[in-house]
Amino acid sequence: MGRHARIAQLARLEEPGLQVADLGCGTGRTVRQLLAYEPALVHALDHASNLDDDLLHDRRVSSRIVDLDHGLPLPDASLDRVTSLNTVEHLADPVAHLGEVHRVLRPGGLLVLAHSDWDTSLFTSTDDALTRRLVDLFVATVPTWVDRADGFMGRKLPALADASGGRGAPFDVLRVDSWADPHRRFDDGSVAYKVAVGMLAAASGEPELARRATGWFDGLHRLAEADQFLFTVTDVAVVLRRA
Ligand SMILES: C[S@@+](CC[C@H](N)C(=O)[O-])C[C@H]1O[C@@H](n2cnc3c(N)ncnc32)[C@H](O)[C@@H]1O
């Protein structure tokens with residue numbers, strides 16, 4: 001089972017007719033898995049418009065362009081479930097954001113807050129020391145295409161939930177889960193490729209390292225072609241119930 005299906009499963013959507021939101025939905029990979037449980041409506045919220053066309057035209061999906069740093073455009077206690085994957089590292093104040101999620105969830109409603117912990121990125125490569133150096137650089141660098149990032153966010157989720165309670169938006173922690181899916185592909189649609197591109201970008205300021213990183217990247221292609229490639233990253237999910 002992949003990460004998006006796991007998150008949908010953790011959201012406990014068996015009861016029919018639920019109102020759900022996915023925050024920072026991207027192309028809608030989690031939205032697609034949520035729909036398999038037949039909720040009444042999935043609000044797909046993101047500040048970019050990248051939702052896949054079939055989801056945009058699905059009447060069970062309400063797509064909205066929203067800056068999550070400016071709150072959620074939803075009434076109090078209007079949602080049964082909220083999911084979020086790999087979004088909070090980009091937000092200015094993740095604790096304030098959880099306060100907003102608390103506001104829009106009905107009492108007893110669930111938030112599945114999930115994040116990859118990029119510092120745990122594992123690549124098969126022919127140069128382990130260079131891989132380690134590039135991962136370290138990657139998690140210490142904010143890519144130019146985002147406002148902010150935190151390569152250690154996965155491990156921080158339990159503390160984030162706790163901090164939300166400290167600011168008057170308490171959640172009960174029902175479950176803390178983690179997993180690392182095996183990824184064998186290295187093509188431009190793969191998770192491994194996207195992370196490796198981030199690593200190349202992080203190395204671009206140091207010419208000698210950038211040259212070695214390009215060779216490393218090409219090596220990943222060759223390993224994948226030879227069926228020797230593996231990428232994993234630890235994903236963490238906390239299942240929180242609005243108190
Ligand atoms: C790494 S992507 C994850 C996408 C999706 N959740 C997934 O796992 O496939 C992060 C998403 O958060 C969105 N995002 C980042 N900052 C945001 C903000 N301030 N408001 C709304 N969306 C934001 C981005 O546009 C992007 O779609």
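How many nonpolar, polar and charged residues does the shell around the ligand have? Here are some notes on this predicted model, starting with that point.

1. **The ligand shell.** By class, the shell holds 6 nonpolar, 7 polar and 4 charged residues. In total, 17 residues surround the ligand.

2. **Thr30 in helix α2.** Thr30 belongs to helix α2, which spans residues 29-35. Thr30 counts as buried because it has 29 C-beta neighbours inside 10 Å, and the cut-off for that label is 20 or more. Setting aside neighbours within four places in sequence, Thr30 contacts His4, Ile7, Ala8, Asp22, Cys25, Thr83 and Leu85. Take Ala8 from that list: Ala8 and Thr30 are 22 residues apart in sequence, yet their C-alpha atoms are 7.0 Å apart in space.

3. **The buried side of helix α4.** Now have a look at α4, residues 94-104, where Pro94, His97, Leu98, Val101, His102 and Val104 are buried. These buried residues pack against β4 (79-85), β5 (105-123), α6 (153-166), β6 (171-179) and β7 (231-242).

4. **How α4 meets α6.** Two packed helices are described by the angle and the distance between their axes. For α4 and α6, the axes come within 9 Å and cross at roughly 70°, which means that α4 is roughly perpendicular to α6. The crossing is right-handed. On the α4 side, Pro94, Val95, Leu98, Gly99 and His102 make the contact, with Leu160, Ala163 and Ser164 on the α6 side. By class, the residues of this contact are 5 nonpolar, 3 polar and no charged.

Definitions and conventions: Residues numbered from 1 in each chain as written. Predicted model: local features only at pLDDT ≥ 70, side-chain atom pairs only at ≥ 80, totals over all residues. Buried ≥ 20, exposed ≤ 12 C-beta atoms within 10 Å, placed from the backbone. Helix = DSSP H or I, 4+ residues; strand = E, 2+ residues; numbered from the N terminus. Contact = placed C-beta atoms within 7 Å. Axes fitted to C-alpha atoms, helices over the stretch in contact; angles between N-to-C directions. Parallel < 35°, antiparallel > 145°, perpendicular 65-115°, else oblique. Left-handed = near helix turned anticlockwise from the far one by under 90°. Nonpolar A, V, L, I, M, F, W, Y, C, P; charged D, E, K, R; others polar. Near = placed C-beta within 6 Å.
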